[in-house]
Amino acid sequence: MEIEEIKNYLLQNFDNLHLVEAEKDFFFMHKKNDKLPFATLITKDNEYDAVSNLNREGFFRLNFPIDKQTFESVFKELPKSKKLEAYMHHGIDFTKEDTLMPHPTYGSMNWVCIVNPSRNTFETLIEKYLKQSYQKIN
């Protein structure tokens, strides 16, 4: 899928979100929490996070939280950790496309990420998780 399609999906399907753009990255904020985004679309590497090699042409990463039980079920083979960057050094290839992974920095907070999700993955997996996450905050 393309970034514009995902942006449109989020804004059209989830009430109370507004889009904040910062240096070509997109942060979808919910009116109940203006400090922590509901989801993000990151389009480039930065000094804090370069593990997905997003500086490649046409690459981006969708990031969002899921509930703890779902996170532990999906990533049951990974050790549980409460530290930031907990999953950055577990041999996960964060450059891999169309694969749901724990977020490299915020995985310990039950955030997940996916580089360049395909339409099929988005429609069969990501939409479900986004809807579940939205229900918890709304």
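Predicted model: local features only at pLDDT ≥ 70, side-chain atom pairs only at ≥ 80, totals over all residues.
**Entry 1: rings**

I started with a rule: rings of Phe, Tyr and Trp (its six-membered ring) pair if their centres lie within 6.5 Å, with planes under 30 degrees apart counted as stacked, over 60 as edge-to-face and the rest as tilted. With that in hand, I found that ring pairs join Tyr-9, Phe-14, Phe-38, Phe-122 and Tyr-134 into a cluster.

Residues are numbered from 1 along each chain as its sequence is written, and side-chain values use heavy atoms, with hydrogens and water left out.

My search of the whole structure gave 7 aromatic pairs. Tyr-9 and Phe-14 make an edge-to-face pair, because their ring centres are 5.8 Å apart and their planes stand at 80 degrees. Both Tyr-9 and Phe-14 are buried (buried means under 20% relative accessible area, exposed over 50%, partly exposed in between, with a 1.4 Å probe and protein chains only).

I then looked at Phe-71 and Phe-75, a tilted pair with 4.9 Å from centre to centre and 55 degrees between the planes. Phe-71 is buried at 4% relative accessibility, and Phe-75 is buried at 6%.

**Entry 2: salt bridges**

Next I counted 5 salt bridges (a side-chain nitrogen of Lys or Arg within 4 Å of a carboxyl oxygen of Asp or Glu).

I looked up Lys-7 and Glu-4, whose side chains meet at 2.9 Å, N to O. Both residues lie in helix 1 (residues 3-13), 3 residues apart, about one turn of the helix. For helices I used DSSP runs of H or I, at least four residues, and for strands runs of E, at least two, numbered from the N terminus. Lys-7 is buried at 10%, whereas Glu-4 is partly exposed at 46%.

Asp-25 bridges to Lys-44, with the closest N and O atoms 2.9 Å apart. This pair links distant parts of the chain, 19 residues apart: Asp-25 is in strand 2 (residues 25-30), and Lys-44 is in the loop between strand 3 (39-42) and strand 4 (61-65). Asp-25 is buried at 7%, but Lys-44 is partly exposed at 23%.

Lys-35 and Asp-34 form another salt bridge, at 3.8 Å from N to O, and both are exposed.

**Entry 3: a loop residue**

I ended with Thr-105, in the loop between strand 5 (101-102) and strand 6 (111-115). Thr-105 is buried at 10%. Leaving aside residues up to four places away in sequence, Thr-105 touches Leu-84, Glu-85 and Met-88 (contact means heavy atoms within 4.5 Å).
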